Amino acid sequence: MTLRPATAATLILVAVFLAVDTATQLAFKGAAEAIGDIPLGLDFLAAAAGTAFAWLAVGLYLATYVLWMLVLRTTALSRAFPLTALSYVSVPLFAWLAFGETVDARTAAGIGLILVGVALVGHGEDAEADAVAKPELTPCET
């Protein structure tokens, strides 16, 4: 299967979105660990404001917003949104690497199911898009 240039560009944009979204979640986790057990209130907000990870998370969150808008300018929401499920793959794997979080057998099985699901949704839409005949427009004769 050969990717059309627009499709390849969209997939690259989605990949960048997923990378930034994953980094956002890791930054949120770093901020949460830096803040610690401070109860929600002014002290919590002050601690968050003084944490580089919190500011990084906010900046990355804004970047995910911009990237998502760019993705949706060129792709149907029904086609793009299932790809965001891949963050359920990347976040646990990078949390394992960055924070030593556990990826047990149940989590690994869930990740496998998500990968299968995304592949099925993507494959089904490719097949459906290829199967739909697009009528050719012809100029009106007068």
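This is a predicted model: local features need pLDDT of at least 70, side-chain atom pairs count only at pLDDT 80 or more; totals for chains, interfaces and linings use all residues.
At a relative accessibility of 31%, Leu70 counts as partly exposed. This residue, Leu70, is located in helix 3. Together with Tyr65, Val66 and Met69, Leu70 makes a nonpolar surface patch of about 360 Å².

### Overall architecture and confidence

The chain contains 6 helices and 0 strands. Read from the N terminus, its elements follow the order α-α-α-α-α-α. Of the 142 residues in the chain, 22% are buried. The accessible surface of the chain amounts to about 10000 Å², and carbon and sulfur atoms account for 69% of that surface. Among contacts in the chain with a separation of 6 or more, 67% are between residues 24 or more positions apart.

The mean pLDDT of the chain is 85, with 82% of the residues at 70 or more. Confidence is highest in helix 3, where the mean is 96, and lowest in helix 6 (residues 105-131), where the mean is 76. Over residues 127-135 the pLDDT stays under 50, and the model has 0 contacts beyond four places in sequence for these residues.

How many aromatic pairs does the structure hold? There are 2 aromatic pairs in the structure. In the pair of Phe17 and Trp68, the ring centres are 5.1 Å apart and the planes stand at 40°, so the arrangement is tilted. Because Phe17 belongs to helix 1 (residues 5-35) and Trp68 to helix 3, this pair ties together parts that are 51 residues apart in sequence. Both Phe17 and Trp68 are buried.

The rings of Phe28 and Tyr61 have centres 5.8 Å apart and planes at 75°; the pair is therefore edge-to-face, the angle being over 60 degrees. This pair also links distant parts of the chain, with Phe28 in helix 1 and Tyr61 in helix 3, 33 residues apart. Phe28 has a relative accessible area of 36% and is partly exposed.

A search of the whole structure finds 2 salt bridges. Which residues are linked in a network of salt bridges? The network consists of Lys29, Glu33 and Glu101. In the salt bridge of Lys29 with Glu33, the closest N and O atoms are 3.7 Å apart. Both of these residues, Lys29 and Glu33, lie in helix 1, at a spacing of 4 residues, or about one turn of the helix.

In the salt bridge between Glu101 and Lys29, the closest N and O atoms are 3.6 Å apart. Here the pair links distant parts of the chain: Glu101 is in the loop between helix 5 (87-99) and helix 6, whereas Lys29 is in helix 1, 72 residues away.

| Residue | Relative accessible area | Class |
|---|---|---|
| Lys29 | 31% | partly exposed |
| Glu33 | 47% | partly exposed |
| Glu101 | 31% | partly exposed |

### A buried loop residue

Is Thr51 buried or exposed? Thr51 counts as buried because its relative accessibility is 10%, which is under the 20% cut-off. This residue, Thr51, is located in the loop between helix 2 (42-49) and helix 3 (52-74). When neighbours within four places in sequence are left aside, Thr51 is in contact with Ala31, Ala34 and Ile35.

Ser78 lies in helix 4 (residues 77-80). With a relative accessible area of 53%, Ser78 counts as exposed, because the value is over 50%. Ser78 and Val121 are separated by 43 residues in sequence, and their C-alpha atoms are 9.8 Å apart in space.

### Summary of the links

Helix 1 holds Phe17, and helix 3 holds its partner Trp68. Helix 1 also holds Phe28, whose partner Tyr61 is in helix 3.

Methods
Residues are numbered from 1 along each chain as its sequence is written. Side-chain values use heavy atoms; hydrogens and water are left out. Helices (H or I, at least four residues) and strands (E, at least two) are DSSP runs, numbered from the N terminus. Buried means under 20% relative accessible area, exposed over 50%, partly exposed in between (1.4 Å probe, protein chains only). Contact means heavy atoms within 4.5 Å. pLDDT is the predictor's confidence in each residue, from 0 to 100. Rings of Phe, Tyr and Trp (its six-membered ring) pair if their centres lie within 6.5 Å; planes under 30 degrees apart count as stacked, over 60 as edge-to-face and the rest as tilted. Patches are made of residues with over 30% relative accessible area and no salt bridge: like charges are joined within 9 Å, nonpolar side chains (Val, Leu, Ile, Met, Phe, Trp, Tyr) within 5 Å. Accessible areas come from the Shrake-Rupley method with a 1.4 Å probe; for residues, only the protein chains shown count as cover. A salt bridge is a side-chain nitrogen of Lys or Arg within 4 Å of a carboxyl oxygen of Asp or Glu.
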